[in-house]
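Please keep the viewer open as you read.

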Amino acid sequence: MSPSLLNSLLMLPALVLLAIVFAWPLLDSAWLSSQASSVLTGLSPIANDGANWQRLLGDARFWQDAAVTLRFAAVSVGLELLLGLAMALVLHRPGRGRGWLRALALLPWALPTTVLALGWRWIYNDPYGPLNAILRAFGAPPYGFLTTPATTWLFTVLADVWKTTPFVALLLLAGLQSIPAELEENLVLEGARPGQILRRLTLPLLKPWISLAVLFRLAQALGVFDLVQVLTRGGPAGSTESLALYAYLNAMRFLDFGYSATVVIATFLLLVLLTAIGWLLLVRRPLEASR
Amino acid sequence: MAGLLLGLLLILLPAALLARPVAAATTVRVLMPSPFVDATASLVAAFNRDHPELKVEVARGPLDTEAMSDLAIGGLLLGDSGYDLLLMDVSWTAKYVAAGWLVPLEGLLGEDALEPMVPGARVGNAFGGHLWRMPLTGDTGLLYWRTDLMAAPPRTTTELEAVARRLQAEGKVRWGYVWQGRQYEGLSCVMLEMIHAFGGHWWQADSGPAGGRSELDSPGAIAAADWLVHLVRSGVSPEAVADFAENEALQLFAAGDAAFLRNWPYAWREIEKGGGPVVGKVGVSTVVSAPGISSGGTLGTWGLSLLAGSPHPQAAAEVIRWFTGPQTQKALVLDQGYAPTWAALYEDRELQQKHPLLAVQRQALEQGPLVRPLTPLYAQLSDLLQRQVNGLLTTAGSPEAAMSLAQRQSAVLLESAAGHGSGRQGST
Amino acid sequence: MRSLLLLWSLAPLAWQLYTSLVTPEALVNGSGVAAGSFWTLENYRQVWLADPPIWRYLLNSAVVGGATTALTLTLAVPCAYGLQRQGGRLRWAVTLALLATAIFPTVLLFLALLQLARALGLANNLLALSLPYAALCLPLAVLLLRAAFAELPAELEDAARLEGLNLPRRLRHVLLPLLAPSLASTAILVFLFSWNEYPIALTWISRPELLTLPPAIARIAGSSLFTVPYGAFAAATVLGSLPLLLIVLIFQRSIVSGLTQGAIKG
């Protein structure tokens, strides 16, 4: 047996499972998005000439959810990057108990999102939660963190940032560890201040890790589901409903599988488009510029 | 490697525990929301003692109606519900029938199975020429009021508002009226009552594939939304009502902080049990409507349905007959304060004495309770309405615009349904 | 800086712990409650004796986590080895596919996987649930292990081959022992993933007694008809977090090095 054939055979079982669990569902959902399959068809598929896609184009709720999802992704990924960088710098500094510090900082990332979302629901509780207790201590009236359509999305972002910043920090920490210490020492000897070191040395060398973190977090944030489903259930007044939650509701509550599949595929296309743009901006262009 | 070994160990140990128990030939498995499991536990135990050949096994679902629906649908979609009977909310029936998940009951229980029920409780169980569900409770929306603060309950929306404002001004109560304003099914129940209370309709049935069309931009519907918003803006209802489900509203009323409460029959027993400041000072009446209009409460009954794929429908039907029968219901009225569905139980002297709510419930059920749109698309229609009305309660916006948007969205949904839903409807 | 970091990370968790240990009256009235009725273990008793009890969910999650970890490593080790030894276009294509699937948000798969579970009769089976879980973990596992294989000197395997050891023996006696640290950190990450996964568990498991922890907790969240038992919720979240807390604290070095090493080489 040739080595190449052997290598392919070794990879085959894993690749087959990946194809079944990733490729087939996308193809299946793409096909289902061309079918009527709902309670009105007895849950069996009937071709409907792109009616699902026509409905999607005119569905104000889909576009609102798309805007909500994009806003959520943009703001939470941005904040996670900033805070993640700060956290990585703190975790990188040598000192006693650094291992424990890293473990404790990592904790929010390691715990189940639904568990944490339930915890945040209590933290945001009106009027008995701790945030409202703080407001009360300052003599302010209680605030409806989860009942004010204009601001509730910010508090879903906060919960997400708290949960996933450690992951971003860990990726950036890997980048920091790959920077040789001598480079920094040289700059220090030249009399550079910490801010200058960050701008001239750390950030440029950290670029690949930042790109990786942004692409990963962007894709994940565009599929946000667990958090909003437990924390707000898409409310108040639908102001935090994500695309994934809309797809889920269409399937599991409204029993409209054709339309659910359409929302899934539309979200997938949006995801591909945005990650492709992100890849071009973050990875491709810097590569060409560096040539 | 430690993780790997740990993993293997964890698989091997509990694998034996996971093997499903072999079902006895006549075990009937019933899935119910948690409160019903507790309420019926002793009755089910007695049934199992008396019937050695037929075992009833009750599985505990979640408390919340929507969570319960998600769980049941999850199992049915997987083709592995594992249950013979499901205790269903009245608003689910049309959807489950269209999905082909239910078995008609008339052949098992007789064509006249619903005859002995109060007329109001019969609604929403039989359609398309089949009986799909046997009602266990006859709940309708009710108005709770404080007997220590007024001599008689208000009959109209205007009266209610005036009394509430007066009591608030006198400092007798912090709030006037509490109800369910959260973005969930309870808000649709409130809206249905209010739309009819102002002379409108949510739904006009027809013979189309969706079973009807909605009329959410009618003057009555707009007036209904307008009144609810007005209650919040004018301080008769707290702003927090926009996040109130049944229980939050009940808590506030039971604490003596509100003059009026909109809730279901269970609330009476909860208030009495709770031992709070209003025990013995609570009256119950039918819901109010605009002057000159007679209206009713939303029908919110629970009932048992037989799931397709049950291996022993005869035995399951036997259990339905027992569960929804007069003895069981009488016991549930006495122990739990549930509203019965049997007409004869409303004549029962013992019950009338021990459960003062019975007279009001009978009135509410005979007045013609309001049924939520009987269509397989109900979940979507309700969702659209909830979003708009909850939006009105939480942000500035005009009721006209919100309701006509809800109407437009409903129409789009129904049209897209009409496009493809012709063939298979009702072919079950 | 460090204390600020710890405050940010731990304060919300500490609040849960506090909530789980006090009575409902203490939660609402704060210090106005008599000392005797402030602290309580009642919330833990309640979730421990609930129907189904919380340890059932923890056990279910442990079963899925164990099975997923075993299956993922079984598939990922040969795949990573093959990928590392392979050259040319195939290697490039497979690596790209792995990267794409590694960042893919899994929730978009729920609809088709639901149909798959129905068609193949895989619903309500904890061991079957580890099939999609293994697939979702494979991209990361293969990338991490490939990086670890790349670390090993090629001469080592050549020497073993000259001694006449076939591939399975070379893997078992020569390569895998050297990879033990990477295997351990990969295993822990896979276990963490399957302990936390939500949308697939939500759609594949409908029997209350078979639920894993995340959907069980989410269902608790949807149940507030008669009271709003925040103390019990908090007790459930504390008990649900405890196993992971232990894992993270015990294996913190493996987790951090696993992720950082993988990121550097991958």
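The report below starts with conventions, then visits chain B and finally chain C.

## Conventions

This is a predicted model, in which local features need pLDDT of at least 70 and side-chain atom pairs count only at pLDDT 80 or more, while totals for chains, interfaces and linings use all residues. Residues are numbered from 1 along each chain as its sequence is written, and chains are lettered from A and ligands numbered from 1 in the order in which they are written.

Helices (H or I, at least four residues) and strands (E, at least two) are DSSP runs, numbered from the N terminus. A residue is called buried if 20 or more other C-beta atoms lie within 10 Å of its own, exposed if 12 or fewer, and partly exposed in between, with C-beta atoms placed from the backbone.

## The five-stranded sheet of chain B

Let us begin with an open sheet of five strands in chain B, ordered S2-S1-S3-S13-S6 with mixed pairing; two strands pair if DSSP finds at least two bridges between them. At the edges stand S2 and S6 (134–135) of chain B, each with a single partner strand, so one side of each lacks a neighbour in the sheet.

Strand S1(B), residues 27–33, has six of its seven residues buried, so the rest of the structure largely encloses it. S1(B) runs parallel to S2(B), residues 55–61, and seven bridges join them. Val30(B) has Val58(B) as its bridge partner in S2(B), and Arg29(B) has Glu57(B). S1(B) is also parallel to S3(B), residues 85–89, through two bridges, with Leu31(B) opposite Leu86(B).

## Helices around that sheet

How does the chain get from S1(B) to S2(B)? The path leads through helix H2(B), residues 34–50, in a right-handed β-α-β crossover (with the strands pointing away from the viewer, the path from the first strand over the helix to the second runs clockwise). H2(B) packs on the sheet and touches S1, S2 and S3 of chain B, with its direction at about 170 degrees to that of S2(B). Contact requires C-beta atoms, placed from the backbone, within 7 Å; axes are lines fitted to C-alpha atoms, for helices over the stretch in contact, and angles run from 0 to 180 degrees between N-to-C directions.

Helix H12(B), residues 313–324, lies across S1, S2, S3, S6 and S13 (302–306) of chain B, at about 165 degrees to S13(B).

## A fully buried strand

Now look at S7(B), residues 142–146: five of its five residues are buried, so it is largely enclosed by the rest of the structure. Leu142(B), Tyr144(B) and Arg146(B) cover one side, and Leu143(B) and Trp145(B) are on the other. In a regular strand the side chains alternate between the two faces of the sheet.

S7(B) is antiparallel to S11(B), residues 258–263, with four bridges, one of which pairs Leu142(B) with Asn263(B). Four bridges also join S7(B) to antiparallel S12(B), residues 282–285, where Val282(B) stands opposite Arg146(B).

## Helical chain C

Chain C has 13 helices and zero strands, and 53% of its 266 residues count as buried. Its C-alpha atoms fill a box of roughly 80 × 50 × 30 Å along the principal axes.

Helix H4(C), residues 54–85, has 27 of its 32 residues buried. H4(C) bends by about 25 degrees at Ala76(C), with Pro78(C) following within four residues; the bend is the angle between axes fitted to the seven residues ending there and the seven starting there.

Terms used:
Contact = placed C-beta atoms within 7 Å.
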